Amino acid sequence: AIKVNEGNPPRAGLDLLLVDPCKLLTQDDVISAMGNVPFGPRPMSQVEYHTACSYVEPTLEVDSPRLYLSLDPADTWDMHSPDVQTVSGIGDGAYTREFDGWRSVRVLLKDKVIVEMDIYPPDTEMAKQIVSKVIERLP
């Protein structure tokens, strides 16, 4: 019998400490989807249950484009608010919601990882295009 440390159950899926979230998109990916935005990947956090990168250099303008990618464990999928719209044609499940004027798209890769893209302008199709690039590059 295998002993499991009860305080720290084994996680299925991708080891988020081994993935650099700032290497999952290229400047071409971002610019071909969003236009000529100031590309500047900056790591935001990297812990075993959350890793994130901001891809667009923020400006002081109110409407400055923004792109924020995060990865979370697949087993946290059900922890979301009820006011979401389903998105089809990507991953094993996906939904989108407005978040503070941004558009947030979360995509489940079953037993692997959740990819979340927070984007401004709040364009779901733009977010899907970028998320699909991320999915192709995940280990």
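1. Strand β5 covers residues 94-99, and two bridges join β4 to β5, the two running antiparallel. Two is just enough here, since strands count as paired if DSSP finds at least two bridges between them. The helix and strand names come from DSSP runs, numbered from the N terminus: helices are H or I runs of at least four residues, and strands are E runs of at least two.

2. Before going on, a word on what you are looking at. This is a predicted model, in which local features need pLDDT of at least 70 and side-chain atom pairs count only at pLDDT 80 or more, while totals for chains, interfaces and linings use all residues. Residues are numbered from 1 along each chain as its sequence is written, and side-chain values use heavy atoms, with hydrogens and water left out.

3. Now zoom out to the sheet. It is open and has seven strands, in the order β1-β2-β3-β7-β6-β5-β4, with antiparallel pairing. The edges belong to β1 (39-47) and β4 (85-86); each has a single partner strand, so one side of each has no neighbour in the sheet. As background, strands of a sheet pair through backbone hydrogen bonds, either parallel or antiparallel.

4. Take the β1 end next. A hairpin of two residues connects β1 to β2, and the two strands pair antiparallel over six bridges. If you want a landmark, find Pro43: its bridge partner in β2 is Cys53.

5. Which strand is largely enclosed by the rest of the structure? That's β7, because eight of its eight residues are buried; buried means under 20% relative accessible area, exposed means over 50%, and partly exposed is in between (1.4 Å probe, protein chains only). Val113, Val115, Met117 and Ile119 point one way from β7, while Ile114, Glu116, Asp118 and Tyr120 point the other way.

6. What are the partners of β7? Seven bridges join β3 to β7, and seven bridges join β6 to β7, antiparallel in the case of β3 and also in that of β6.

7. Helix α2 (residues 124-137) lies across β3 (66-72), β5, β6 (102-109) and β7 (113-120), and runs at about 140° to β7. That angle is taken between N-to-C directions on a scale from 0 to 180 degrees, using axes fitted to C-alpha atoms, for helices over the stretch in contact. A quick length check works out: at 1.5 Å a residue, its 14 residues should span 20 Å, and the end C-alpha atoms are 20 Å apart. (The expected span is 1.5 Å times one less than the number of residues.)

8. Which residues of α2 are buried? They are Met126, Ala127, Lys128, Ile130, Val131 and Val134. Their cover includes α1 (27-34), β3, β6 and β7. At the start of the helix, a side-chain oxygen of Asp123 comes within 3.0 Å of the backbone nitrogen of Glu125.

9. Have a look at Arg103, in strand β6. At 10% relative accessibility, Arg103 counts as buried. Its side chain makes a polar contact of 2.9 Å with that of Thr96 and one of 3.4 Å with that of Thr124. A polar contact is a pair of N or O atoms within 3.5 Å; within protein, one must be able to donate a hydrogen and the other to accept it, and residues adjacent in sequence count only if both atoms are side-chain atoms. Leaving out residues up to four places away in sequence, Arg103 touches others too (heavy atoms within 4.5 Å), including Gln85, Glu98 and Asp123.

10. Last, the rings. The whole structure has two aromatic pairs. Rings of Phe, Tyr and Trp (its six-membered ring) pair if their centres lie within 6.5 Å; planes under 30 degrees apart count as stacked, over 60 as edge-to-face and the rest as tilted. Phe39 and Tyr55 make a tilted pair, 6.0 Å centre to centre with 40° between the planes. Phe39 is partly exposed at 24% relative accessibility, whereas Tyr55 is buried at 0%. Trp77 and Tyr95 have ring centres 5.2 Å apart and planes at 55°, so this pair is tilted. Trp77 sits in the loop between β3 and β4, 18 residues apart from Tyr95 in β5, and both are buried.
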